[in-house]
Amino acid sequence: MIELDHISKTYQRAQGETVHALKEVSFRIAPGEFVVVRGPSGSGKSTLLNILGCLDTPTSGSYRLDGEDVSSYGDMQLSRVRNSKIGFVFQSFNLLARTTALENVEIPMVYGDGHVDRKRAMAALDRVGLVARAGHYATELSGGEQQRVAIARALINRPGLILADEPTGNLDLNVGREVMRLLKDLNREGSTILLVTHDDAVAAYALREIALGDGAIISDRVQTGDSALQPAGEAQ
Amino acid sequence: MKLNKVAAQAVRSVRRYRLRTLLMMAGVVVGIASLAILTSIAESTKQDTMRRFKNMLGTFDTVIVRPGGGRSRGMPTLVTVPPTLRFEDAQAIATQLPQIKAVAEVQNAFDIDVKYRDRSASPAVFGVSPNWLALRGEDVADGAFFNLEQNDSLARVAVIGADVRKELFPDEDPLGKTLRVGDVPFQVIGLLKSRGAGPAGASLDNLMLIPVNTASRRLFNRDFLTMLVAQVRDPQSTEGVTAVTSLLRERHHIRPPALDDFTVTSPATTMAQVTRAGSTLTRILSGVAVMALLIGGIVIMSLMSISVSERRNEIGIRRSVGAARTDIILQFLSEAVLVATAGGMAGVIIGWGGLELVTRVRQLPHVLLWQPFAASLAMSFIVGSIFGIYPAWRASRTDPVRALRS
């Protein structure tokens with residue numbers, strides 16, 4: 001599914017100093033995996049997620065998604081990949097204000113090849129249990145509901161990969177659990193999920209954990225059973 | 001297909017932010033309304049001026065010859081013109097030039113007292129040939145015009161304009177009555193049809209027509225003309241003017257480098273000048289309106305730019321779900337065009353209403369031309385496309401990563 005080969009990303013700061021956000025990062029993720037990426041802030045998690053999500057391009061290295069070398073793509077092709085292969089779930093939900101839940105879910109279809117299929121959008125809302133709220137504006141929904149709408153939006157074009165950035169960061173415990181259960185279900189149904197989090201409880205849903213530090217991979221391990229909580233403890 | 005969908009997003013967005021949309025439209029509405037009103041008014045003023053000129057000049061297939069080389073101001077009279085244009089000249093033009101169909105001789109004077117019983121008036125008195133009416137495309141409202149016989153026999157008959165009738169015969173039928181021009185009695189045999197106002201606004205009905213021979217021998221005692229009107233066969237060509245000019249130079253023994261002792265003008269030329277003046281007015285007014293429209297465009301551009309900053313998050317979201325830069329450009333450009341065109345339509349409606357009002361108040365002829373309105377709509381579309389480019393481009397350059405973080 002994902003093949004990262006010596007991906008580096010450098011920025012030029014305003015003062016002229018160069019920041020190495022990612023240094024020669026390489027890993028593979030197979031279809032159907034549930035991976036958590038952890039690390040302190042500034043460790044390069046966000047940069048990695050943006051590159052994986054085709055919102056940003058690496059300075060060097062190659063990134064193959066589903067066999068396509070997307071690291072050489074231009075804006076049009078990257079946009080097509082984002083549209084058809086990737087679903088985003090953000091910490092701050094990022095729904096369009098003054099827009100109904102249903103319309104929010106429909107937006108990825110606008111930029112796809114197919115037509116805007118209202119039935120499919122309703123089905124996606126049904127999948128996250130929000131059919132009853134379809135006509136409500138985003139601002140009228142609770143945090144958990146908004147995040148579920150965002151998940152429905154991420155699902156609508158049936159992407160293979162779901163990228164989640166602290167999906168429970170703005171939710172309280174129970175609601176966060178509900179959202180994680182939903183993601184876990186999606187993973188069971190075949191979606192590859194990669195999520196970035198600080199939260200041990202959230203990280204515990206993943207089967208594999210990649211730890212980043214200072215732009216490089218510190219550890220990449222498969223978690224099993226009780227040891228799921230161990231790596232987080234070690235990191236602190 | 002995709003364009004439709006992106007444009008549909010623009011429609012939604014425009015409806016979602018009503019206040020912003022209305023503000024953006026306001027400038028274009030004003031610009032388009034003034035463009036439509038001003039160009040229409042300019043056009044109808046032009047037509048009105050042309051109509052008045054036509055009133056004064058009569059038909060357009062004539063050339064007018066006046067004695068004297070230089071331009072003289074106002075209407076020539078027997079007192080102000082040199083005695084160089086003779087009856088024989090008129091005869092020669094009528095008989096020798098194949099380009100000329102007919103010639104009317106004119107002697108005229110102002111400030112002559114015309115009296116009927118205890119009433120008096122001072123119309124312009126014109127001695128004219130019997131073919132005058134036909135040449136000028138005019139007609140009598142009542143009675144008859146004098147004929148060749150009456151001209152030859154120096155008959156003292158008169159045809160009066162509506163103003164003269166009003167002043168001298170307010171309550172009675174003037175036909176058959178005898179009035180006095182100076183000391184000479186004339187019998188009223190006809191009433192002219194009213195011609196309304198001339199280009200300067202003065203009445204064209206304050207006149208009295210008498211046979212030119214009668215005028216020459218019995219009233220003015222002059223054997224030269226103040227004007228002659230020649231009807232040309234082909235109004236489009238300048239041949240008539242040229243032929244009349246060379247014949248008169250020959251008859252008056254004028255050789256180069258001496259200048260003409262007469263002036264030949266053709267109403268068609270005068271008309272062209274008037275039309276050109278009208279077009280200049282139209283252009284100036286349109287220019288003013290286009291400025292207003294440009295300001296409307298700048299309003300759209302600035303509000304749209306502000307809106308792009310405010311909608312960074314939306315842009316980031318759209319980019320994250322697969323909108324390419326071109327989609328973002330398309331969306332914001334569609335919004336600008338939509339707002340401008342909607343403003344244009346509102347402007348056209350308001351302009352139309354305004355025009356109705358103005359023509360009624362200013363009593364201009366009611367000319368409703370569709371061209372200014374169609375042009376205005378097209379202009380608003382263009383304004384939207386042009387002034388939408390910059391904000392749309394800025395929107396497309398928004399970094400989705402940063403936009404999503406905020």
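Predicted model: local features only at pLDDT ≥ 70, side-chain atom pairs only at ≥ 80, totals over all residues.
Let me step back to chain A as a whole. The chain has eight helices and 10 strands. Its radius of gyration is 18 Å, close to the 18 Å that the globule rule gives for 236 residues, so chain A is as compact as a globular protein of that length. Along the principal axes, the C-alpha atoms of chain A fill a box of roughly 45 × 45 × 35 Å. Buried residues account for 48% of the 236 residues in this chain. As for the contacts in chain A between residues at least 6 apart in sequence, 67% of them join residues at least 24 apart.

Which strands does S8(A) pair with? One is strand S3 (residues 34-38) of chain A, joined to S8(A) by four bridges and running parallel. Another is strand S7 (residues 161-165) of chain A, which pairs with S8(A) in the parallel sense over five bridges. Leu194(A) is a handy landmark if you have the model open. Val35(A) stands opposite Leu194(A) in S8(A), and Leu163(A) also stands opposite Leu194(A).

Staying with burial, have a look at helix H3 (residues 101-110) of chain A. Here 10 of the 10 residues are buried, so the helix is largely enclosed by the rest of the structure. The buried residues of H3(A) include Glu103(A), Asn104(A) and Glu106(A), along with Leu102(A), Val105(A), Ile107(A) and Met109(A).

One more stop in chain A is Gly213(A), which lies in strand S9 (residues 208-213) of chain A. Is Gly213(A) buried or partly exposed? With 15 C-beta neighbours inside 10 Å, Gly213(A) counts as partly exposed. Leaving aside neighbours within four places in sequence, Gly213(A) is in contact with Gly39(A), Ser43(A) and Ile218(A). Gly213(A) and Pro40(A) are 173 residues apart in sequence, and 6.9 Å apart in space, C-alpha to C-alpha.

On to chain B, which has 13 helices and 12 strands. The radius of gyration of chain B is 33 Å, well over the 22 Å that the globule rule gives for 406 residues, so this chain is more spread out than a compact globule. The box filled by its C-alpha atoms is roughly 105 × 55 × 35 Å along the principal axes. Of the 406 residues of chain B, 42% count as buried. For contacts in chain B with a separation of 6 or more, 84% come from residues 24 or more positions apart.

Chain B is divided into domain 1 (2-54 + 274-405) and domain 2 (69-260). The centres of domain 1 and domain 2 of chain B are separated by 56 Å, taken over C-alpha atoms.

Finally, how do the two chains meet? There are 18 residues of chain B in contact with 21 residues of chain A. On the chain B side, helix H1 (2-16), helix H10 (312-320), helix H11 (325-362) and helix H13 (400-405) each supply at least two residues. The largest share, five residues, comes from H10(B). By class, the side of chain B that touches chain A has eight nonpolar, four polar and six charged residues.

How values were computed. Residues numbered from 1 in each chain as written. Chains lettered and ligands numbered in written order. Rg over C-alpha atoms; globule rule 2.2 N^0.38 Å. Buried ≥ 20, exposed ≤ 12 C-beta atoms within 10 Å, placed from the backbone. Contact = placed C-beta atoms within 7 Å. Nonpolar A, V, L, I, M, F, W, Y, C, P; charged D, E, K, R; others polar. Domains from an automatic or database assignment. Pairing = 2+ DSSP bridges.
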